[in-house]
Amino acid sequence: MDPVLLIAVLSILIGAVIALAFFGNYFRKRSSEIQSISQPELQSDPKKQPSKPHQTKKSHAKPHSHTSDKDQNKKHHPLDVNTLKGHGDAVTGLCFSSDGRSLATACADGVLRVFKLDDASSKSFKFLRINLPVGGHPVAVSFSDDGLSLVAASQSLSGSSLYMYGVEKPKPSEEVKQQPKLPLPEIKWENHKVHEKLGILTLSGTTASYGSADGSTIVASCSEGTDIILWHGKTGKILGHVDTNQLKNTMAALSPNGRFLAAAAFTADVKVWEIVYSKDGSVKEVSKAMQLKGHKSAVTWLCFTPNSEQIITASKDGSIRIWNINVRYHMDEDPKTLKVFPIPLDLGGATVQYDRLSLSPDGKILAATHGTTIQWLCVETGKLLDTADKAHEGDITCIAWAPKTIPMGDEKVLVLATSSIDKKVKLWAAPSLPAP
């Protein structure tokens, strides 16, 4: 090889090695500089992650905001008396016993709970736990006969079922012995696929006391279809069956005395049936009685007054109506609209409607819900008495007044119970009525 060419090649190789050494040293320095800049961040991130100042503030802020919201709710809504916790899923239904001292709840975790309300302001409540058969979850509940029996509606893939849980009443001689611990309720009767494969929307139970009725508990199950079935609470026997013929039902309710059955469905009209009793006190038939016509849009909920002579309805047309149903419908006398009130909700242009209604046992205060909001209205004037915004952290699923006053400290108060998908049941005191 030419010596000149050899020298040139060696020079190029030596130059390349020097260049690589130079640039390698340069990039190592840049890398160390980048690491020295980024390292504090990398070191602070592990510190941040355990402590998470920003996230911690956020995570702490949520409970704090709930607490402050609750405190604010208590300040602005002193009607909030108590919260019943312990449910493992959405609470789908609730009802009071006839004496108001027991509150039964149905929960999507498959459990019925019966709380003892000796004092509405108590820090803790004893409750009885009843597990429904595996495969179904309870959607509604109603007391049967007394505080020792419950009828529960359960929904599964195969359809709806009804279960009646009851306990044997202790004999007088055994009352003292069994007082510390009552026997667990057992299934006394059960019926499956009661509305074929359709779900049950509501259960309404009452003591039949009208006319020659024998005082038995009757229960109405309202399906999501168009049928409603009337049951004997103690035996589970079907007493009657009606069809609304209105595409789909919304809910159904029995009058307190067991005389009427009314249903809200797809249309603006409410259908009312009369439960006719035989001389021996049993149900003879369920016959069509009347229709409530006047709303311009679908009725979303209804409830009876304590005397069973009036019905209060709420509609998507934004109004509440009070109807007199104590008429001679046999002589074609129509029910009369006594009062019409606007629903006092401000939904920013959205359809104004109530989801649920419940009337206080004295018939003076109407409780109504929309989403997570509760409102209390004066039945006499339609005036808004109080509002609890964000009363629950999720939509309210059921509301009911205790049929009698409940002790709260040194006094007795009317109590409203509300359940929600937020796994909670809340107790609310009745607001004060305006001076006459």
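How many bridges join strand β20 to strand β21? The structure examined here is a predicted model, in which local features need pLDDT of at least 70, side-chain atom pairs count only at pLDDT 80 or more, and totals for chains, interfaces and linings use all residues. Residues are numbered from 1 along each chain as its sequence is written, and side-chain values use heavy atoms, with hydrogens and water left out.

The answer is 5 bridges, between β20 (residues 310-315) and β21 (residues 319-324), which run antiparallel. Strands here are DSSP runs of E with at least two residues, numbered from the N terminus, and two of them pair if DSSP finds at least two bridges between them. Within this pair, Q310 stands opposite N324 in β21. Both strands belong to an open sheet of 4 strands, ordered β19-β20-β21-β22 with antiparallel pairing. At its edges lie β19 (299-304) and β22 (336-342), each of which pairs on one side only.

A hairpin is formed by β25 and β26, with 5 residues between them. In its turn, G382 has a positive phi of about 80 degrees. The two strands, β25 (residues 373-378) and β26, run antiparallel and are joined by 4 bridges; W376 stands opposite D386 in β26. Strand β26 (residues 384-388) is largely enclosed by the rest of the structure, because 4 of its 5 residues are buried. Buried means under 20% relative accessible area, exposed means over 50%, and partly exposed lies in between (1.4 Å probe, protein chains only).

Next come the nonpolar cores, each a set of buried Ala, Val, Leu, Ile, Met, Phe, Trp, Tyr and Cys residues joined through side-chain atoms within 4.5 Å. The largest holds 34 residues, of which L302, I312, Y354, L357 and L366 touch the most other members. Strand β19 gives the most to this core, with 5 residues. A second, separate core of 19 residues includes L103, A417, V425 and L427. Beyond its neighbours within four places in sequence, Y354 is in contact (heavy atoms within 4.5 Å) with residues including T300, A314, I320 and L377.

Finally, the structure holds 4 aromatic pairs. Rings of Phe, Tyr and Trp (its six-membered ring) pair if their centres lie within 6.5 Å; planes under 30 degrees apart count as stacked, over 60 as edge-to-face and the rest as tilted. The pair of F115 and F127 is tilted, because the ring centres are 5.0 Å apart and the planes stand at 40 degrees. This pair links distant parts of the chain, with F115 in strand β4 (residues 111-116) and F127 in strand β5 (residues 127-131), 12 residues apart. F115 is buried, with a relative accessible area of 2%, whereas F127 is partly exposed at 37%.
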